[in-house]
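Please open the structure in your viewer and keep the sequence beside it. The stops below say what to select next and what is to be found there.

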Amino acid sequence: MFCNLHVHSAFSLLDSILTVEQIVNYAKEHGQKAIAITDHGYMHGFVQQVKLCKKHGIKPIIGCEIYEVNDDTLNAKQDRNHLVLLAKNVTGLRNLYKIVSFAATDGFYTKPRISIERIANNNWGDGIICLTACQAGRLSRLVMSYDMYNADKWAEKLQSTFDYVAVEIQSHDTQEQYESNYRLIEFANRKGLPIVVTSDAHYLSPEDISAHSIFVKIGQDRDVGESYEGCYLQDENDIYENLKNFDAKCIDKAINESVHIADMIEDIDIGLENENQMPVINIPAGYSSHEEYLK
């Protein structure tokens with residue numbers, strides 16, 4: 001049974017119209033045993049995700065689609081590449097906190113950003129499963145430009161940084177996605193890397209694409225075109241239909257890989273049963289109370 005590993009909630013601000021409740025309910029209604037939320041740059045929805053998943057007997061997969069760049073100290077325009085990271089265990093979750101926190105503070109420039117070198121140098125990839133993301137991912141861009149030398153080097157860098165790496169193809173029935181999927185499958189087979197299929201969901205069903213397009217245009221003042229075609233929550237039937245031009249055995253393996261990855265991920269305790277933990281703030285001299293200092 002397919003597991004959705006690349007999903008955006010409304011916490012991907014002005015980019016997704018899916019609520020956390022809709023995402024979890026979809027998994028429940030379609031018999032999917034696990035569901036990921038991988039919002040752009042942030043993890044604001046994961047506590048709600050865990051609570052709802054626990055309520056419905058579904059495994060929550062905590063993740064983030066980060067923006068990786070060559071130089072996260074450079075406050076200037078540079079390519080931002082997407083990369084999906086999933087917490088495999090408690091160590092991975094803590095490292096995901098560190099990655100997202102750095103990207104949103106020291107690495108921030110118009111968007112939260114971080115370099116793979118920083119992740120690798122700090123061992124922040126420990127306990128994390130990496131998916132190569134969409135057509136805005138570095139691997140897709142490299143294979144689409146026939147830069148196989150750097151594609152090889154990039155895949156090797158990911159493998160040396162994270163616990164597990166899978167090449168991501170996406171279930172979108174467009175010509176551009178077909179070409180990207182075709183080249184990514186060839187690349188993964190040559191490198192001996194696993195292939196996983198996702199839908200990069202931003203809305204609930206195909207009928208919602210018009211509403212989502214209007215939403216993005218209002219929020220970002222740009223036309224969407226085909227960039228979100230097929231970006232809805234999917235089950236196995238949707239995937240086989242959208243990817244009917246590919247070898248069925250290859251798609252079988254990509255679907256099974258989504259289950260394999262979900263099975264690899266531990267049931268992470270995020271401390272929902274713990275008492276609230278508040279930081280101790282030492283107030284400066286001259287203030288009689290925390291309330292006075294806050295005001």
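This is a predicted model: local features need pLDDT of at least 70, side-chain atom pairs count only at pLDDT 80 or more; totals for chains, interfaces and linings use all residues.

Begin by selecting helix H3, residues 90–104, whose 15 residues reach 21 Å from the first C-alpha to the last, close to the 21 Å expected at 1.5 Å a residue. Next, colour the buried residues of H3, which are Gly92, Leu93, Asn95, Leu96, Ile99, Val100, Phe102 and Ala103. What covers these buried residues includes strand S2 (59–68), strand S3 (81–87), helix H4 (116–121) and strand S4 (128–131).

From that cover, select strand S4, which has both of its faces covered, with Ile128 and Cys130 buried on one side and Ile129 and Leu131 buried on the other. S4 pairs with S3 in the antiparallel sense over four bridges, and Ile128 is there the bridge partner of Ala87. With strand S5, residues 164–170, S4 pairs in the parallel sense over three bridges, and here Cys130 stands opposite Val165.

Finally, turn to the cysteines: how many disulfides does the structure hold? There are zero. For Cys64, the closest cysteine sulfur is that of Cys130, and at 12 Å it is too far for a bond. Cys250 is likewise in no disulfide, as the nearest cysteine sulfur, in Cys3, is 18 Å away. Cys64 counts as buried because its relative accessibility is 0%, and Cys250 counts as buried at 16%.

Note on methods
Residues are numbered from 1 along each chain as its sequence is written. Side-chain values use heavy atoms; hydrogens and water are left out. Helices (H or I, at least four residues) and strands (E, at least two) are DSSP runs, numbered from the N terminus. The expected span of a helix is 1.5 Å times one less than its number of residues. Buried means under 20% relative accessible area, exposed over 50%, partly exposed in between (1.4 Å probe, protein chains only). Contact means heavy atoms within 4.5 Å. Two strands pair if DSSP finds at least two bridges between them. A disulfide is a pair of cysteine sulfur atoms within 2.5 Å.
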